[in-house]
Amino acid sequence: MNKITAHDLAKKQKEISVAEFFERNKHILGFGNQTRALVTSVKEGVDNCLDACEEVNILPEIYVEINNHEDGECKLIIEDNGPGIVKSQIKHIFGRLLYGSRFHSVRQSRGQQGIGISAVVLYGQLTTGKHAKVISKIQEDRPAVIMELAIDTNKNRAEIISRDIIHWEKPSGTRIEVSIIADYKRGKRFVYEYLQSTSIVNPHAQITFKEPDGTKHFFERTSELLPRRSVEIKPHPYGVELGTLIKIAKQTNSRKLSAFLKNEFTSMGDRTANAVCEKAQLEKHLNPKDMTREQFLSLHKAFKKVKIMAPPTDCLSPIGETLIKRSLKHETKEISPEFIVTASRPPSAYTGSPFQVEVGLVYGGNIPTDANVKIMRFANRVPLLYQQGGCVITSAISSIDWRRYGLDQKSGKGMPSGPAIFLVHVSSTLIPFTSESKEAIADIPEIENEIKLALRICARKVQHHIHKKVKREKTREKFELITRILPEIAKKSSKMLNKPLPSLDSVITKIMDVVWIEDLIEYEKISKKDVEKPVQTTLIDNSLKQHGDGTITKSKIIVINYKRTSQKLNLYVLIPKEAIVGTVNPKPSKINYNFIKWNLDAIPSSGKIDINFELAGLKEGDFDENDIYIENINPTYVIGADKWEGE
Amino acid sequence: MRNNYEDVIKKIDLVALKVYNDLEKTEIPYIQLPTRSKSNIEFNEKLNVWKYGKSMIQRSAKSLDGAYMLLRTMYMVDFIKEMIKIKKSSTLREMYYISEGWDFAKFHSQNESNLLAEDLEVITSCMREDFKLRPEEDGARVIGNIIIEEMTRNNNKKKIHCQDDVGDSGYSIPYNVEPEKISFKSADVDFIIAIETGGMFDRLVENRFDSSYRSLLVHLKGQPARSTRRFIKRLSGEKNLPVVVFTDCDPWSYRIFASIAYGAIKTAHISEYLATPSSQYLGVTPSDIENYDLPTDKLTREDVKSLKSELSDPRFQDSFWKNEIKLQLKLGKKSEQQALAKYGLDYVTDTYLPEKLTEIGMIKR
């Protein structure tokens with residue numbers, strides 16, 4: 001009998017290959033069934049493309065093609081216009097599991113999501129036995145490289161089956177072709193939904209999707225601006241785990257504990273570092289490399305006992321309200337929604353990780369009124385398609401009573417139903433997912449609270465809109481009354497009696513008895529040459545960016561005094577932060593980033609005032625409604641504007 | 001009906017003048033008229049019928065609906081004036097179709113235009129015949145030993161004996177039953193019996209109830225037309241004939257009786273022309289359901305609502321109606337005239353009606 005030695009065991013351990021690892025974990029890696037496998041494969045590919053393009057400031061143009069074979073095999077082609085991949089790296093990126101550069105960095109990135117494109121290659125190889133094909137071009141005047149790859153599952157290494165150079169039209173880019181076993185019929189809807197959602201939160205990307213039958217879907221680019229590059233920050237003491245703490249200590253160049261704390265962590269100044277050392281009862285001159293496990297443990301415990309400033313938030317890259325609105329508008333064109341509102345919260349933090357919440361709400365139009373509302377969840381610009389029920393976004397929406405806001409909801413709790421689509425985007429350096437499959441955000445009170453706050457802002461805006469609609473309807477009726485019916489009554493009665501037409505002005509003011517405000521928005525396209533000064537915006541990038549869009553938004557507000565006496569009032573119109581105010585008539589009393597204000601003194605009875613202003617730096621439709629507010633007048637006297645509640 | 005249309009024109013001009021003067025005085029124009037609902041009818045001791053009370057509503061141009069009503073009113077008075085001038089008349093339905101040309105003042109349903117025509121009657125104290133408007137519904141049928149003289153369209157006077165000169169479907173009451181159109185030459189009957197359904201009318205005709213009990217049979221055709229009510233009123237008054245009303249046993253039938261005896265809510269402004277206060281309700285009563293053990297149907301939700309509404313209707317406040325309605329609500333059942341056929345085709349004429357007529361003292365036995 002042979003005795004089994006440790007060496008034999010080691011051999012065996014080695015043989016637990018990546019294939020086996022994959023097989024065991026495929027459900028949490030997103031390959032649990034043939035539908036999921038298809039969506040995950042597209043997702044990994046597209047995320048890679050977006051990351052690659054953004055890395056080098058190229059506006060992404062992504063092409064996704066799926067060819068479906070009878071036997072359940074799908075050939076997936078994903079192509080981008082990114083920087084390409086240098087020859088020597090191709091086999092690592094596509095042929096090695098868990099190979100990547102951003103494993104320990106603390107920044108907002110898509111890469112936190114899934115396991116990587118190599119998993120797709122592996123899945124394809126395991127299910128179809130076919131090799132993946134990669135084309136990459138890194139420079140305009142050089143040929144592209146074409147490679148056929150297989151993964152050596154024992155070594156977790158790529159094997160290059162063939163390599164050649166070819167001519168490729170693109171200046172640069174990457175293309176991958178993988179054959180996988182997948183359920184296209186069932187997965188199709190999810191793929192479409194994923195690409196559409198991705199396009200909404202990545203308005204700078206252009207995505208083309210070609211279906212097996214040749215149908216092409218274009219998800220157009222609605223913004224020419226790349227998202228702000230997220231900045232890498234050091235870990236915050238509240239969020240660091242003991243193991244990571246020890247690892248960082250081993251790699252640090254600092255020789256003293258206090259310096260180590262200040263250099264390797266964020267939000268640590270002299271005072272905080274000293275306070276931590278004191279709480280941990282550790283000498284601040286201690287060399288971190290000499291520290292024992294027990295000492296690290298008390299240091300780790302001390303972190304939680306000291307009040308440490310929240311982490312910096314400039315490492316986040318939110319989408320921005322204007323772009324969310326524009327994207328949603330673009331993607332929901334066919335259902336012609338009544339309105340779209342957005343809300344964005346300032347950055348916040350939970351246990352050392354900064355995060356920020358943005359919300360959009362599409363309302364009315366052809367959205368079905370009898371079904372549950374549709375929820376679009378996003379984490380770091382990646383759509384979350386599964387496990388909606390277990391996600392903090394869903395529970396935040398369910399906890400609000402939506403019945404006041406034109407939606408149905410049993411007993412004011414739970415999933416509302418009605419004509420609405422919710423979009424919630426959480427960006428963070430570390431999204432706290434409920435599980436490895438990264439499809440639902442965990443129930444963190446700080447995050448839930450911020451989502452609720454953002455939703456409430458949206459809800460108030462919805463209410464404002466509904467309110468406005470009702471008022472508008474009334475206005476329309478009054479208008480019809482005084483412009484059509486009353487003159488007709490006068491005409492008919494005077495004709496019958498053979499008497500002259502009576503003057504109606506005073507009767508009209510008596511019937512209306514309001515100050516009436518109505519508005520109109522027009523867009524004017526102008527060629528770039530005509531733009532005298534390049535329009536500047538601080539929308540996404542920190543640096544001022546020149547941006548001559550060539551659309552001028554022209555807004556006109558008409559104020560008519562139908563009261564019997566002269567009236568005066570102050571009028572405010574809200575403007576988007578990104579807008580540049582052009583000509584304003586009459587002269588406003590104040591303009592700031594948020595509003596334009598006019599003091600309208602003495603509008604005589606039956607008198608009318610026209611207000612005109614122009615906005616630049618916006619696309620057509622970004623500003624599609626004047627939010628008008630009034631002060632210094634009894635708000636019940638006014639139709640068409642709400643009371644100004646202060647800034 | 002007036003022959004003096006000058007007077008009618010003056011009255012409808014006043015409606016337009018009210019509105020015109022309001023506009024000239026820079027007032028929001030309005031027209032005032034009595035509230036035409038159950039809550040605003042009062043018993044008029046002098047006339048012995050139910051008339052509108054003092055509660056008024058205003059149609060003001062301050063609201064969109066009010067303004068539309070005023071405009072329609074202007075159109076309608078103009079139209080009436082025009083018809084009088086050119087000596088034409090139209091049916092209510094024709095007027096409704098003519099309103100199609102009134103641009104945004106047009107009516108959405110004929111009910112709307114009918115109601116406004118009634119409003120105008122109320123406002124001007126004219127009758128719609130004065131406005132040259134007539135209903136398209138024909139009056140009901142009559143059989144019995146009376147002689148009517150009718151002015152035909154050829155301006156001939158024609159005498160009609162309502163048994164000998166008519167077929168089994170009887171004499172048909174024209175829409176105009178005023179003296180210039182018909183007069184009652186003789187009436188050799190003891191009472192008038194007004195019958196809700198055609199089936200029962202025909203049963204009484206076939207069984208010769210008009211002869212055997214010296215009665216005049218009048219078919220009401222459901223809710224009776226104005227002309228039918230006016231016919232009964234005139235005949236009963238001029239020939240001093242008592243009236244009994246024989247209907248189904250359900251809340252809608254009681255309203256038929258009320259419109260004959262007390263005056264209908266919709267036409268309360270002309271109750272004294274249309275109602276016959278001496279009319280008596282013969283049956284079928286809820287008590288009859290029990291006494292005669294009649295086949296029944298269950299009361300529907302609408303029936304119950306309607307019965308309850310009648311309990312608060314000022315016209316149904318005497319002890320007979322209160323008790324009968326309460327009994328019916330308790331029974332939860334309704335029945336039909338023709339349910340009496342349970343006991344044979346002759347039962348109604350041989351047993352039920354004689355018994356009921358004796359009960360109220362109409363015949364002695």
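The legends below describe close-up views of a predicted model.

**View 1. Overall make-up of chain A in the predicted model.** Chain A contains 14 helices and 26 strands, and of its 647 residues 42% count as buried.

**View 2. Strand β1 of chain A and its pairing with strands β2 and β7.** Strand β1(A), which spans residues 61–68, is joined by six bridges to strand β2(A), residues 73–80, and these two strands run antiparallel. Within this pairing A:Y63 stands opposite A:E79 of β2(A). The two strands β1(A) and β2(A) form a hairpin with four residues between them, and in the turn A:G72 has a positive phi of about 90°. Strand β1(A) also pairs with strand β7(A), residues 206–210, here in the parallel sense and over five bridges.

**View 3. The crossing of helices α3 and α6 in chain A.** The axes of helix α3(A), residues 34–55, and helix α6(A), residues 184–201, come within 8 Å of each other and cross at roughly 30°. Because angles under 35 degrees count as roughly parallel, α3(A) is described as roughly parallel to α6(A). The crossing in which α3(A) passes α6(A) is right-handed. On the α3(A) side the contact is made by A:T35, A:L38, A:V39, A:V42, A:K43 and A:V46, while α6(A) contributes A:Y184, A:R186, A:G187, A:F190, A:V191, A:Y194 and A:T198. Sorted by class, the residues in the contact of α3(A) with α6(A) are eight nonpolar, three polar and two charged.

**View 4. The side of chain B that touches chain A.** In this view 23 residues of chain B are in contact with 21 residues of chain A. Two helices of chain B, α1 (residues 5–24) and α2 (residues 64–86), each supply at least two residues of the side that touches chain A. The largest share of this side of chain B comes from α2(B), which provides 10 residues. By class, the side of chain B that touches chain A comprises 17 nonpolar residues, one polar residue and five charged residues.

How values were computed:
Residues numbered from 1 in each chain as written. Chains lettered and ligands numbered in written order. Predicted model: local features only at pLDDT ≥ 70, side-chain atom pairs only at ≥ 80, totals over all residues. Buried ≥ 20, exposed ≤ 12 C-beta atoms within 10 Å, placed from the backbone. Pairing = 2+ DSSP bridges. Axes fitted to C-alpha atoms, helices over the stretch in contact; angles between N-to-C directions. Parallel < 35°, antiparallel > 145°, perpendicular 65-115°, else oblique. Left-handed = near helix turned anticlockwise from the far one by under 90°. Contact = placed C-beta atoms within 7 Å. Nonpolar A, V, L, I, M, F, W, Y, C, P; charged D, E, K, R; others polar.
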